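Hello,

Here is the structure for you to look over.

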Amino acid sequence: SYPTAMTDNNTNTSTWADAPISFRNIVRYVKDLDANTKMYEAIGFKFQNKRGDMTTLKNDEGLTLILHQWSDPRDTSFLDSSIGFTVKSDIAEARKYVESVGFKLLRLPADGDKGFFFIYGDLDGNPINLVVIHQTKKQYYKAKL
């Protein structure tokens, strides 16, 4: 059995207020960025912006969808969708947290990545991304030395 997320001691219910991560977005990894953008626009997502190999869309309910063109030569069989979480403070704390509830590390940040993120898998290998926005890869690896 895995520990619960964060528990309110008075009601014994989960609360995310103090969790070291917060919901960010849904990411879909695609081969044809422009064609997929048009498809998602056709079902109600509105174009927000495009940066390099990523397009951001949002629907009327506020869900942010990132379409990311995957050109990495590594195996992509586990990368079709991912739920993104922003790391709110220390990456080590966030990693310990998701590992304590059962997520398994699938991939560390790599030099060629367009961002700074750690990919974890649930019990079936479905990925979540921990996106680090408050420090760079260089700062992270320097601190690890």
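Below are notes on the cores and on one helix.

This is a predicted model, with local features needing pLDDT of at least 70, side-chain atom pairs counting only at pLDDT 80 or more, and totals for chains, interfaces and linings using all residues. Residues are numbered from 1 along each chain as its sequence is written, and side-chain values use heavy atoms, without hydrogens or water.

Cores first. A nonpolar core is a set of buried Ala, Val, Leu, Ile, Met, Phe, Trp, Tyr and Cys residues joined through side-chain atoms within 4.5 Å. Buried means under 20% relative accessible area, exposed over 50%, partly exposed in between (1.4 Å probe, protein chains only). The largest such core has 14 residues, of which Ile21, Ile91, Val98, Phe118 and Leu130 touch the most other members. Two or more residues each come from β7 (81-87), α2 (91-100), β9 (117-121) and β10 (127-132). Helices (H or I, at least four residues) and strands (E, at least two) are DSSP runs, numbered from the N terminus. α2 gives the largest share, 4 residues. Another core, of 7 residues, lies apart and includes Leu33, Phe45, Leu57 and Leu67.

Now helix α1 (residues 33-42). Its buried residues are Leu33, Asn36, Thr37 and Tyr40. After α1 comes Gly44, with a positive phi near 110°.

Best regards
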